[in-house]
2 protein chains.
Amino acid sequence: VAKEVVAGTGQRADALRNRDKILTAARAAFADTGSDISMAEIARQSGVGMATLYRNFPGRRELLEALYANEVQAVCAAAADQLGDPGQSLATWLRRFFVFVTNKQPIGAELLRHSDGPLPMMSESRTRVSDAARPLITAAQQAGQLRLDLSLDQILDLIVAVASIPRDIEYLSPLLEATLNGITPPQPN
Amino acid sequence: VAKEVVAGTGQRADALRNRDKILTAARAAFADTGSDISMAEIARQSGVGMATLYRNFPGRRELLEALYANEVQAVCAAAADQLGDPGQSLATWLRRFFVFVTNKQPIGAELLRHSDGPLPMMSESRTRVSDAARPLITAAQQAGQLRLDLSLDQILDLIVAVASIPRDIEYLSPLLEATLNGITPPQPN
């Protein structure tokens, strides 16, 4: 197999693939098992050796930071994917944002245990997510499909509040749908 | 002034009035000033002497417990007040429940600092509030004015989640209204 260099990264494709395999496995492991998962178990589930794991992520904190950054990047990218009806596009993305909040909470909590206080990347992530979501909010309001008395911050805070209710997804899912229904303009009677 | 005994309480009317004055002043003081308020300041704002204050409430914890119980009693009583349209009655009571959650949070937090763990009255209060709210929920669902996929617990948890967003009432008020709009059945398009 040729060891091609990926344009713009300076990293060989197989190294990037390993990094990606580790992050994918770690993401699933955190979602399933929570924060107790060991680095050895993450290596095993990724199908890479411990040396490869530690070459990519010298410690648990570096791995957690990369996972957190990946989640932020993915939810921001999803905001650009939207097409068609502005109200439906916003609702679809807010469901994705809800999953993001749920996924990042255990990673964020674990990251706080490995650091001396909130990390700059955490407050920066809110700014990045807000910037990504703003066009969706604006389009939905201009189309008359979103209440005009709600700001971007208020809408994100509302979804975070629902996602933070300490119950499982079966319990939260109808609450999320009711909330998405609620941010549409009230129907004239 | 005659010192009449109030039927069923064994307490004289002026003693009950003093107790009520203290609780009313303490409630306002906690809402305004938060948990820093002193017993001396509460006596001053109630217009009673320190001896009267301590005869009614031997310590801060007893006063906090009485305040907490009063809030629970008031929100439960408000559920019985409702008349007319079931959807409007439920919405009106849920706005009252939102205020209840906001008022009891600082009292509950302070109470926890004065005790060895959650008090039985706290979990009992959820049961009492649920029992009081159940007829409102049932009536609204039977009238087709409340989503059928939401339980009493889910609705209360949703309002608690909105009330727990750490922002002021101006910020939260449209979120509460959007939420109340959202728990009504979706309109056919």
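This is a predicted model: local features need pLDDT of at least 70, side-chain atom pairs count only at pLDDT 80 or more; totals for chains, interfaces and linings use all residues.
The largest nonpolar core of the model has 116 residues. Within this core, the residues with the most contacts are Trp93(A) and Trp93(B). The surroundings of Trp93(A) can be listed once its neighbours within four places in sequence are left aside: Trp93(A) is then in contact with Val75(A), Ala78(A), Ala79(A), Gln82(A), Val129(A), Ala133(A), Leu136(A) and Leu156(A).

A residue of chain B may be considered next. Ser89(B) belongs to helix H5 of chain B, which covers residues 86-113. Is Ser89(B) buried or exposed? Its relative accessible area is 5%, and because buried means under 20%, Ser89(B) counts as buried. When neighbours within four places in sequence are again set aside, Ser89(B) is in contact with Gln82(B), Leu83(B), Gly84(B) and Leu136(B).

Attention now turns to the place where the two chains touch. Here, 25 residues of chain B are in contact with 25 residues of chain A. The area buried between the two chains is about 1,900 Å², and carbon and sulfur atoms give 62% of this area. Between chain B and chain A there are 0 salt bridges, whereas 10 residue pairs are in polar contact, with both residues of each pair at pLDDT 80 or more. On the side of chain B that touches chain A, the elements that give two or more residues are helix H7 (152-163) and helix H8 (169-182) of chain B. The largest share of this side, 9 residues, comes from H8(B). Sorted by class, the side of chain B that touches chain A has 12 nonpolar, 6 polar and 7 charged residues.

Ala161(A) is placed in helix H7 of chain A, which comprises residues 152-163. With which residues is Ala161(A) in contact, not counting those up to four places away in sequence? Ala161(A) touches Ala161(B) and Ile165(B). The relative accessible area of Ala161(A) is 10%, and therefore, with the limit for buried residues set at under 20%, Ala161(A) is buried. Its position may also be related to another residue of chain A: Ala161(A) and Pro106(A) are 55 residues apart in sequence, and their C-alpha atoms are 15 Å apart in space.

Key:
Residues are numbered from 1 along each chain as its sequence is written. Chains are lettered from A and ligands numbered from 1 in the order in which they are written. Side-chain values use heavy atoms; hydrogens and water are left out. A nonpolar core is a set of buried Ala, Val, Leu, Ile, Met, Phe, Trp, Tyr and Cys residues joined through side-chain atoms within 4.5 Å. Buried means under 20% relative accessible area, exposed over 50%, partly exposed in between (1.4 Å probe, protein chains only). Contact means heavy atoms within 4.5 Å. Helices (H or I, at least four residues) and strands (E, at least two) are DSSP runs, numbered from the N terminus. Buried area is the accessible area (1.4 Å probe) that two parts lose on being put together, summed over both. A salt bridge is a side-chain nitrogen of Lys or Arg within 4 Å of a carboxyl oxygen of Asp or Glu. A polar contact is a pair of N or O atoms within 3.5 Å; within protein, one must be able to donate a hydrogen and the other to accept it, and residues adjacent in sequence count only if both atoms are side-chain atoms. Ala, Val, Leu, Ile, Met, Phe, Trp, Tyr, Cys and Pro count as nonpolar, Asp, Glu, Lys and Arg as charged, and the others, Gly among them, as polar.
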